[in-house]
Amino acid sequence: MSVPTSLDVEQARPRLRELTVVDVRTPGEFASGHLPNALNVPLDRLVRSLPELRPAADRGPLLIVCASGARSDSAVRTLSSHGIPASSLAGGTEAWAAGGHALEYPGGGARPRAVWAMERQVRLAAGSLVLLGLLLGLLLHPAFSLLSAAIGGGLVFSALTGTCGMAVVLGRLAFNRRGAGVRP
């Protein structure tokens, strides 16, 4: 069976009952609102979750979701390399909500305090570290400027490889782990 690598919101919505929705955001992001009946399998745990995802894929198509579509595209490539067909939701939960479709929250309660999207967290951390390196380089010792250079190099590496070590580290912080509700 051929599975498209990407579905937009209008293609995915009518098929939602037949799809197994897997949200690859951090548990904190997941708790800030997710597609109905989604399972939370953070991207950094995806390979470890293959034994649970394989039977789900055998039952029906997998729809992989993140905030904007970037992490879900990466997850679809990873799953494909392990022989598991899946589709990414183009635009992620942002596009889903922008289309006027409801999001669910763990415990069925009201919308909790939102956790920043991982991309925003990375931009804040990287920008803060660059400014810190420059400030310390001016005030204490020029060698501190190397911190800014290292962060800049990491950002270039991240862009070239499609990976982000800083996102992995930030994803392990307590506020990004809080609110994990559903796992396969």
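**Before you start**

You are looking at a predicted model, in which local features need pLDDT of at least 70 and side-chain atom pairs count only at pLDDT 80 or more, while totals for chains, interfaces and linings use all residues. Residues are numbered from 1 along each chain as its sequence is written, and side-chain values use heavy atoms, with hydrogens and water left out.

**Stop 1: the whole chain**

Show the protein chain as a cartoon. Its secondary structure comes to 9 helices and 5 strands. Here helices (H or I, at least four residues) and strands (E, at least two) are DSSP runs, numbered from the N terminus. Follow the chain along the sequence and you will read the pattern β-α-β-α-β-α-β-α-β-α-α-α-α-α.

Now colour by accessibility. Of the 184 residues in the protein chain, 40% are buried; buried means under 20% relative accessible area, exposed over 50%, and partly exposed in between (1.4 Å probe, protein chains only). Among the contacts with a separation of 6 or more, 67% join residues 24 or more positions apart, where contact means heavy atoms within 4.5 Å.

**Stop 2: the sheet**

Select the strands. They form an open sheet of 5 strands in the order E1-E5-E4-E2-E3, with parallel pairing. The edge strands are E1 and E3 (39-40), each of which pairs on one side only. Two strands pair if DSSP finds at least two bridges between them.

Zoom in on strand E5, residues 86-89. Ala-86 and Ser-88 point one way, Ser-87 and Leu-89 point the other way, and all are buried. In a regular strand the side chains alternate between the two faces of the sheet.

E5 has these parallel partners to show:

- Strand E1 (residues 6-7) is joined to E5 by 2 bridges. Look for Ser-6 opposite Ser-88 and Leu-7 opposite Leu-89.
- Strand E4 (residues 62-65) is joined to E5 by 3 bridges. Here Ile-64 has Ser-88 as its bridge partner.

Next, trace the chain from E4 through H4 to E5: this β-α-β crossover is right-handed. The term applies if, with the strands pointing away from the viewer, the path from the first strand over the helix to the second runs clockwise.

Move on to strand E2, residues 20-23. Are its faces covered or open? Both are covered, with Thr-20 and Val-22 on one side and Val-21 and Asp-23 on the other, all of them buried. E2 pairs with E4 in the parallel sense over 4 bridges, and Val-21 has Leu-63 in E4 as its bridge partner. E2 is also joined to E3, again parallel, by 2 bridges; Val-22 stands opposite Leu-39 there.

**Stop 3: loops beside the strands**

Select Val-24, in the loop between E2 and H2. It is buried, with a relative accessible area of 2%. Display its surroundings and you will find contacts that include Val-41, Pro-42, Leu-43, Ile-64, Cys-66 and Arg-71. Cys-66 is 42 residues away along the chain, yet the C-alpha atoms of Val-24 and Cys-66 are separated by 5.5 Å.

From there, step to Val-41, in the loop between E3 and helix H3 (50-59). Val-41 is buried too, at a relative accessible area of 2%. Draw a C-alpha to C-alpha distance from Val-41 to Pro-27: they are 14 residues apart in sequence and 8.2 Å apart in space.

For a contrast, pick Asn-37, in the loop between helix H2 (27-31) and E3. Is Asn-37 buried or exposed? At 66% relative accessibility, Asn-37 counts as exposed. Its phi is near 60 degrees, a positive value in a residue other than glycine.

**Stop 4: the largest pocket**

Finish at the largest pocket, with a volume of about 870 Å³. Of the 32 residues that line it, select the closest to its centre: Leu-43, Arg-71, Met-118, Cys-164 and Ala-167. On a 1 Å grid over the protein atoms alone, a pocket is an open set of points where a 1.4 Å probe fits, with protein on both sides within 12 Å along at least five of seven lines; lining residues have an atom within 4 Å of a point. The volume is the space filled by probe spheres set on the points, which are joined across faces, edges and corners.

The largest share, 6 residues, comes from H6.

Last, colour the lining by class: 16 residues are nonpolar, 9 polar and 7 charged. Ala, Val, Leu, Ile, Met, Phe, Trp, Tyr, Cys and Pro count as nonpolar, Asp, Glu, Lys and Arg as charged, and the others, Gly among them, as polar.

Terms used
Lists of a residue's contacts leave out its neighbours within four places in sequence.
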